[in-house]
Amino acid sequence: MEIAVQGALDELGTPLSQVTFVVFDLETTGGSAAEHTITEIGAVKVRGGEPLGEFATLVDPGGPIPPFISVLTGITDAMVTTAPRIDSVLPSFLEFIRGATLVAHNSPFDMGFIKAACAALGYPPPANPVVDTADLARRMLTRDEVPNCKLGTLARFFRSSTEPCHRALADAKATSDVLHALLERAGSLGVATLEELKSFVRTPTPEQQRKRHLADAVPGTPGVYVFEDQRGEALYVGKSGNLRVRVRSYFTASETRSRIREMIGVAERVRTIVCATGLEAEVRELRLIAGTKPRYNRRSRFPEKAVWLKLTDEPFPRLSIVREVRPDQASYLGPFSSSRTAEDAKAALHEAIPLRQCTERLTPRHTRRACALAEIGRCGAPCEGRESPADYTLHVASARRAMEHDASVVFSAMEARMERLSVEQRYEEAAADRDRLAAYVRTAARMQRLQALTGIPQLVAASPAFDGGWDIHVIRYGRLAAAGVMPRGAHPTPYVEALVATAETVVPGPGPTPAASAEETECILRWLESPGVRLVQVEGGWSLPAHGAGRLKARIDRAYQAIEARSPREGRPLS
């Protein structure tokens, strides 16, 4: 005789309709929970789709709010002067969330600040279950539905009644709307309990299951893999330290990207290229993507579309956006990923240095009427002869120095302008200038870092391999010319000499990246800066400008951390 046994509640799970959710959002003085503090907390408590309460307060961070953050959130020092400190707010917030499931968009960011505040004030960290709407959206939505999982994108897609605006309560309400839309979709997929929601993953498609045999002959070595269709056309290129493990993962439930699942349906074979080292695999991947332009790869397909900011080579030089670096006497800043970013950097340079902005060619003998920029003091009007060639040369030298060696003059000019705009509460204009300065500083820092390596005719370096040997690479003008492995216990000299003798001959071209794409040189730089790497041979010197943009980039990055702590996860494409 069979006896029916009723399952316990913990076996059945907690129905989503009975779960109390506290959806919350924080505004902070920056992106690091270890270095920055909370300026605002907003939360809404809901159960079964019905609101149960709200929690909203500004928080005195105990110090000035950076101008960049005020531009982003609209929260100023004056607004938080009379606000309570976090030691007064935190107990009330912990009581508000007691017994609830916490929900946040990019929850590691917000939970990191809550846990840091608890640790600083002697409270245990919250043990509440946590649901991340950004992560949940990536599991349930496809690229065809939304281009990314930013809160603003999802709020528009689900027609939220509240528009996110980088204020805590408004963003919490928008996140609540997104949560309930995702819960409705989860219900249609058979997800009925909190436990099922937290463990929800897609199952492999029939195509994924049917084509698992494509990974059978893949070796377990470092290298590059290429998914190809029946005509041999490259569909997707990737790299891995273990080709067999990586390729097999495409045929399991762990591969949830809808675009890649679609690619699996088209693929008929997997071609592999075994590489000596991980760095060689990374570089070969970049070169193959750029050469074959597989339609399912998102990144690195069109390095030739990069643009540059050029200080022209003519009697009265000007800044011009170009798509090609030529062997002339001009100075170049870049590469930029888009013309818009190049325009931002150009505007930052013009703010600090009164170069002419007209486009026609000028000579000391050919003059014309000056434009409005001369009347407001933004240009010395060399076109009218008001500024002599010698005086204009000083501006050109200053611009060249700002592009190649010293970013401080541009940084100081833009910082002063942003502070003035913030005082005048012209936050949108200040935000636009913030982006212009960031475009200039980040690109200048990147270029100066690249040039430090691309100016070296030959560099040989080695890193420890897993088996006790050494991975050895020959780099010429920033391009990987050879890669090899020296066995454990072998004498290095013969291996290094043989690798150098058989390395690719590299003839440098013009510009800051004369022999390889900027991405390839950056891959090499990341490897050179990794722990354990040793320089074996270096022709010439390897250094960065003492007053270069790299020292200012850290300040820019800190100012952007509040945004970028969310952006890498929220803005990441779904496939």
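**View A. Arg436 and Asp433 form a salt bridge, with 2.7 Å between the closest N and O atoms.** Here a salt bridge is a side-chain nitrogen of Lys or Arg within 4 Å of a carboxyl oxygen of Asp or Glu. Arg436 and Asp433 are three residues apart in helix α18 (residues 427-454), so about one helical turn separates them. Asp433 is buried, with a relative accessible area of 2%, while Arg436 counts as partly exposed at 27%. For these words, buried means under 20% relative accessible area, exposed means over 50%, and partly exposed lies in between (1.4 Å probe, protein chains only). Helices (H or I, at least four residues) and strands (E, at least two) are DSSP runs, numbered from the N terminus.

A word on the model before we move on. Please keep in mind that this is a predicted model, in which local features need pLDDT of at least 70 and side-chain atom pairs count only at pLDDT 80 or more, while totals for chains, interfaces and linings use all residues. Residues are numbered from 1 along each chain as its sequence is written, and side-chain values use heavy atoms, with hydrogens and water left out.

**View B. Glu40 and Arg167 meet through their side chains in a salt bridge of 2.9 Å, N to O.** Glu40 belongs to strand β2 (residues 38-47) and Arg167 to the loop between α7 (151-157) and α8 (168-188), so this contact ties together parts that are 127 residues apart in sequence. On the Glu40 side the relative accessibility is 8%, which counts as buried. Arg167, at 24%, counts as partly exposed.

**View C. Lys239 and Glu285 form a salt bridge, their closest N and O atoms lying 3.7 Å apart.** This pair links distant parts of the chain, with Lys239 in strand β7 (residues 234-240) and Glu285 in helix α13 (residues 278-292), 46 residues apart. Lys239 counts as partly exposed at 33% relative accessibility, whereas Glu285, at 13%, counts as buried.

**View D. Asp229, Arg231, Glu233 and Arg295 are linked in a network of salt bridges.**

**View E. Strand β11 (residues 331-336) is largely enclosed by the rest of the structure, because six of its six residues are buried.** Strand β9 (residues 307-311) pairs with β11 in the antiparallel sense over four bridges; two strands pair if DSSP finds at least two bridges between them. Follow Val307 across to β11 and you will find its bridge partner, Phe336. Strand β11 also holds Pro335, and a cis peptide bond joins Gly334 and Pro335, with omega about 0°. In a regular strand the side chains alternate between the two faces of the sheet.

**View F. Ser300 has a positive phi, near 70°, in a residue other than glycine.** Look for Ser300 in the loop between α13 and β9. With a relative accessible area of 16%, Ser300 is buried.

**View G. Tyr477, again a residue other than glycine, has a positive phi near 55°.** Tyr477 sits in the loop between β13 (470-476) and β14 (479-486). Its relative accessible area is 21%, so Tyr477 is partly exposed.
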